[in-house]
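This report walks through one protein chain for a reader who has not seen it before. The sequence and the model come first, and the notes follow.

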Amino acid sequence: MIEFLKSFLWIALELTVLFIGISFLISLLQGYIPYEKIEKKLTGRNKVLASFAAILFAFITPFCSCSTIPVVVNMLKKKIPFSIVMVFLFASPVLDPTILTIMGVVMGWKVTIIYTVITSVFSVVIGFTLDKLGFQRYVKNVIMSGYEEKNQKFNWRFALEETWSLMKSVYPYLIIGAAIGAVIHGLVPTEIITKWFGHDAWWLIPVAAIAGIPLYIRLSSMIPISQMLILKGMALGPVMAMMISSAGASLPEVILLKSIFKKQLVIAFIASVITMSTISGFVFYFV
């Protein structure tokens with residue numbers, strides 16, 4: 001019990017300091033982000049620049065998968081190309097700047113860089129593939145209300161408010177992840193994880209990719225859990241596959257998507273996330 005408390009308090013303290021510091025810094029910098037210029041790039045004819053702008057927009061807007069949906073509706077209303085909207089939809093929940101920074105500190109920058117590159121590339125590939133296959137016809141006509149774009153100048157009060165807002169929505173998941181990580185660290189024998197979930201268990205990658213969606217394990221919770229599982233000997237591939245699928249297509253997000261997409265596009269979305277998670281898992285498997 002004492003070992004569990006020590007492990008939990010250390011993990012929780014580390015994550016808390018990182019989360020508050022990074023969230024506050026990013027919120028301070030929000031006033032300097034040229035959102036209007038990025039929006040112009042999103043609607044431009046150069047699809048390469050538009051894709052890059054969509055990835056950048058996804059990165060600088062720290063949304064979870066559910067809060068991404070109103071932004072997607074707003075983008076569709078502004079006639080931003082379907083392919084670019086899909087790039088943003090896939091990239092936004094998996095490229096949270098705060099969580100990526102914490103991932104770099106906790107899991108290593110090599111893992112974080114590979115994760116960022118893979119999710120960015122797959123977001124672009126999937127977005128344009130769905131567009132080429134004509135899935136735009138499965139978008140419903142939705143009238144959006146209650147959404148306002150942020151155009152906040154640089155100030156400390158805004159940064160504190162944004163940090164507090166993020167704390168309320170994301171921080172509980174970090175603490176839950178820290179608690180589960182502490183349990184794994186103190187109670188789960190290393191030999192069991194190594195034997196059943198070690199590097200030879202390649203078959204766990206597609207299983208983890210599929211299991212991540214209904215489990216709805218937030219990316220913020222998965223980081224401390226993943227750290228402990230990897231330290232205990234679990235293969236990196238299935239850990240990252242579950243992390244990507246749970247962040248990219250949670251059940252609440254899928255339910256919200258049904259309000260703006262027809263079932264054909266919702267199914268394609270889920271299948272795309274599972275595919276991205278599985279292939280990404282195999283990339284990490286061979287790293």
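## A serine in helix 12

S245 is part of helix 12, which covers residues 236-248. Helices here are DSSP runs of H or I with at least four residues, strands are runs of E with at least two, and both are numbered from the N terminus. This is a predicted model, in which local features need pLDDT of at least 70, side-chain atom pairs count only at pLDDT 80 or more, and totals for chains, interfaces and linings use all residues. Residues are numbered from 1 along each chain as its sequence is written, and side-chain values use heavy atoms, with hydrogens and water left out.

With a relative accessible area of 0%, S245 is buried. Buried means under 20% relative accessible area, exposed means over 50%, and partly exposed lies in between, with a 1.4 Å probe and protein chains only. The side chain of S245 comes to 3.2 Å from the backbone oxygen of M242.

## The chain as a whole

How many helices and strands does the chain have? The secondary structure amounts to 14 helices and zero strands. Of its 287 residues, 52% count as buried.

The unreviewed UniProt entry annotates "transmembrane region" at residues 7-29, 49-73, 85-106, 112-130, 170-188, 200-217, 229-252 and 264-286. Such positions are given in the numbering used here, feature names are shortened, and annotations may be inferred rather than shown by experiment. In the model, the span 85-106 is 77% helix and 0% strand, with its end C-alpha atoms 31 Å apart. For residues 264-286 the figures are 96% helix and 0% strand, and the end C-alpha atoms lie 33 Å apart.

Helix 6 is largely enclosed by the rest of the structure, because nine of its eleven residues are buried. Among them are P97, I102, G104 and M107. V105 is also in helix 6, which runs over residues 97-107, but V105 counts as partly exposed at 40% relative accessibility. Just after helix 6, G108 has a positive phi of about 105 degrees.

An α-helix has 3.6 residues a turn, so residues three or four places apart point the same way.

## Aromatic residues

The model has five aromatic pairs, counted where ring centres of Phe, Tyr and Trp (its six-membered ring) lie within 6.5 Å; planes under 30 degrees apart are stacked, over 60 edge-to-face, and the rest tilted. The pair of F90 and F269 is tilted, because the ring centres are 5.0 Å apart and the planes stand at 35 degrees. F90 lies in helix 5 (residues 82-91) and F269 in helix 14 (residues 263-285), so the pair ties together parts that are 179 residues apart in sequence. Both F90 and F269 are buried. Ring pairs also link F282, Y285 and F286 into a cluster.

Is W164 buried or exposed? W164, in helix 8 (residues 156-187), counts as exposed at 54% relative accessibility. W164 and F24 are 140 residues apart in sequence, and their C-alpha atoms are 8.9 Å apart in space.

Terms used:
Polar contact = N/O pair within 3.5 Å; in protein donor to acceptor, adjacent residues only side chain to side chain.
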